[in-house]
Amino acid sequence: MRFELFVFDIAGTTLNDTGGIVANCFEQALQENGKRFSQDQINTVMGYRKIDAIRMLLGENDVTLSTAEEKLAHAIHDLFLQKINTYYLNKDIREIDGISELFTELAKRGIKIALNTGFSRSTTDIIIKKLGWNDKGLIDSSITSDEVPFGRPHPDMINTLVDRLGISSNAAVAKVGDTPSDLLEGKNADCGLTIGVLYGTHTEEQMIKFNHDYLISKPSEILTILDSELSLVN
C-alpha cells in the first residue's frame with residue numbers, strides 16, 4: 001500500500017509537551033471554576049475536543065449536561081483557551097526532536113503532511129506560526145476540532161483532510177497520535193495505519209489496550225515502519 005498522507009496530532013506528538021502544559025492549563029481552568037479532578041482523570045480526556053473533554057469530566061463521561069452544567073462547561077473552556085493561548089504566545093515552545101526531519105523525509109517520498117488536533121483554530125495557529133512549520137513548507141494542511149461537526153474519536157477531521165488534499169482513499173492515510181482518542185480516530189476513519197506514540201501523554205500500558213497497528217518511542221521509527229510496510233507489499 002502506498003501511503004499518500006500522514007495525519008499527526010500536535011501536543012505530545014509533534015509539539016513537545018514536557019511538564020504537561022495542556023493538562024495543567026486544563027486543571028487550572030477547572031479549579032478556578034470550582035471543579036477539581038485528578039491529573040489521571042484529566043489525562044483520560046486528553047486528545048478530545050476540549051469542550052467535549054470538559055463535558056465528559058463534568059458528566060462523568062455522559063456528555064449530555066443540564067443547562068447550568070453546559071454553561072459551566074463553556075466558562076471552563078473559555079478560561080482554558082485564554083490560558084493555553086497566553087502560554088503559547090509568551091513562552092518558548094519547541095517541536096518533538098526529529099519532527100522536522102521526519103516531515104522532510106516523508107515529503108521526499110511524496111507523502112503529504114497534515115496536522116489535526118483537539119485544540120481550537122486560534123491555539124493551533126499560534127503553535128504553527130511559532131514553530132514555523134508553514135513558513136518552512138513542512139505541512140500541507142491542518143484541521144482543528146472546532147472546524148468539523150464532531151471531534152475525536154469521530155473520523156470527521158480525517159475525512160475532511162482526505163477530501164481537501166485529494167487523497168485516493170482513507171486506506172492511503174496513516175494517523176499518528178499520543179492518546180487513545182487518536183487511535184480510536186484512526187481506526188474509526190479506516191486509516192491504512194494507526195500509530196500510537198509513547199513519548200507523549202500516555203504510557204505503553206495505557207495505549208496498548210486500544211486497537212492500533214504500531215506503537216513507537218521516537219518519530220524516526222515511522223520511516224522504519226514505512227520501509228517494512230513497503231517490503232510486505234513487494
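This is a predicted model: local features need pLDDT of at least 70, side-chain atom pairs count only at pLDDT 80 or more; totals for chains, interfaces and linings use all residues.
In strand 5, Gly196 is the bridge partner of Gly177. Residues are numbered from 1 along each chain as its sequence is written, and side-chain values use heavy atoms, with hydrogens and water left out.

Strand 4, residues 173-177, and strand 5, residues 193-197, pair in the parallel sense over four bridges. Two strands are said to pair if DSSP finds at least two bridges between them. Strands themselves are DSSP runs of E with at least two residues, whereas helices are runs of H or I with at least four residues; both are numbered from the N terminus.

Strand 5 is mostly covered, since five of its five residues are buried. Here buried means under 20% relative accessible area, exposed means over 50%, and partly exposed lies in between, with a 1.4 Å probe and protein chains only. Leu193, Ile195 and Val197 point one way from strand 5, while Thr194 and Gly196 point the other way. In a regular strand the side chains alternate between the two faces of the sheet.

Strand 4 also pairs with strand 1: four bridges join these two strands, which run parallel. In strand 4, Lys175 is the bridge partner of Val7. Strand 1 is joined to strand 2, residues 112-117, by another four bridges, again in the parallel sense, and Lys112 in strand 2 is the bridge partner of Leu5. Within strand 1, residues 5-8, Leu5 and Val7 point one way and Phe6 and Phe8 the other way, and all are buried.

Tyr214 lies in strand 6, residues 214-216. With a relative accessible area of 23%, Tyr214 is partly exposed. Leaving aside its neighbours within four places in sequence, Tyr214 is in contact with Leu193, Thr194, Ile195, Gly196, Ile225, Ser228 and Glu229, where contact means heavy atoms within 4.5 Å. Tyr214 and His202 are twelve residues apart in sequence and 14 Å apart in space, C-alpha to C-alpha.

The helices may be considered next. Helix 1, residues 21-31, is mostly covered, with eight of its eleven residues buried. These buried residues are Ile21, Val22, Ala23, Cys25, Phe26, Glu27, Ala29 and Leu30. They pack against helix 2 (39-43), helix 3 (50-58) and helix 4 (67-90). In the loop between helix 3 and helix 4 lies Glu60, which is exposed, with a relative accessible area of 71%. The C-alpha atoms of Glu60 and Gln41 are separated by 10.0 Å, and the two residues are 19 residues apart along the chain. Helix 4 holds Gln82, which counts as exposed at 52% relative accessibility.

Two loops show particular backbone features. Arg152 and Pro153 are joined by a cis peptide bond, with omega of about 5°. Pro153 lies in the loop between strand 3 (141-144) and helix 7 (156-165). In the loop between helix 8 (180-188) and strand 5 lies Asp190. Phi of Asp190 is near 60°, a positive value in a residue other than glycine, and Asp190 counts as exposed at 56% relative accessibility.

The whole chain can now be described. Its secondary structure comes to ten helices and six strands. The radius of gyration is 17 Å, close to the 17 Å that the globule rule gives for 234 residues, so the chain is as compact as a globular protein of that length. The radius is taken over C-alpha atoms, and the globule rule is 2.2 Å times the number of residues to the power 0.38. Along its principal axes the C-alpha trace spans about 55 × 35 × 35 Å. Buried residues make up 53% of the 234 residues. Among contacts between residues at least 6 apart in sequence, 65% join residues at least 24 apart.
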